[in-house]
Amino acid sequence: MVNRFIGALWHRLRGPLQWRVMWLAHATFMVGVTGVVRDDEGRVLLLHHRLWRKDTPWGLPTGYARRGETFEQTVVREVKEETDLDVTPGPLVRLTSGYRLRAEAAYEARLSGGTLRLDPREILDAGWYAPDQLPEGLIASHRELILGVTAEHGTAVTRAGRRA
């Protein structure tokens with residue numbers, strides 16, 4: 001009888017109120033989105049981040065998704081904000097749970113235009129690097145992303161060498 005009452009009540013709530021109840025009852029995640037941005041030569045865009053740890057300041061363009069924004073839109077926005085470059089997002093190459101209530105998504109992306117101009121509030125330096133010539137101080141998870149994603153297919157490769 002209680003279950004029937006709860007079911008009937010749930011169906012009467014409808015739409016926005018149901019979503020609000022679900023939002024309050026479940027964990028809310030921030031989503032960090034990373035772009036593995038490549039140029040036509042297969043080089044990857046790396047940034048020297050001002051606010052990152054001193055021993056690992058180099059990494060891929062990264063930021064948090066805004067409410068109502070797709071993760072692909074986040075890649076495009078973050079690259080534009082940090083470098084003034086235009087990119088076309090490609091396939092999802094990694095989705096993981098991160099620290100505490102954070103999820104992390106990484107997308108392959110292609111340079112499509114623009115001129116490199118850094119946002120000095122966030123970025124100290126930037127460069128295009130061949131996957132076999134990555135700089136010291138590159139965050140380990142981004143090194144794994146770069147080396148584990150093939151430029152031709154945008155597919156992840158597991159540690160065992162099989163395509164994921």
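**The salt-bridge network**

Modeller: Buried residues (under 20% relative accessible area, with a 1.4 Å probe and protein chains only) make up 33% of the 164 residues in the protein. This is a predicted model, in which local features need pLDDT of at least 70 and side-chain atom pairs count only at pLDDT 80 or more, while totals for chains, interfaces and linings use all residues. Residues are numbered from 1 along each chain as its sequence is written, and side-chain values use heavy atoms, with hydrogens and water left out.

The structure holds 13 salt bridges, each a side-chain nitrogen of Lys or Arg within 4 Å of a carboxyl oxygen of Asp or Glu. Within a network of salt bridges that links R66, E69, R77, E78 and E81, E81 pairs with R66, their closest N and O atoms being 3.2 Å apart. Because E81 belongs to helix α3 (residues 71-83) and R66 to the loop between β4 and α3, this pair ties together parts that are 15 residues apart in sequence. E81 is partly exposed, at 33% relative accessible area, and R66, at 49%, is likewise partly exposed, a class that runs between the buried limit and the exposed one of over 50%.

Methods. Helix = DSSP H or I, 4+ residues; strand = E, 2+ residues; numbered from the N terminus.
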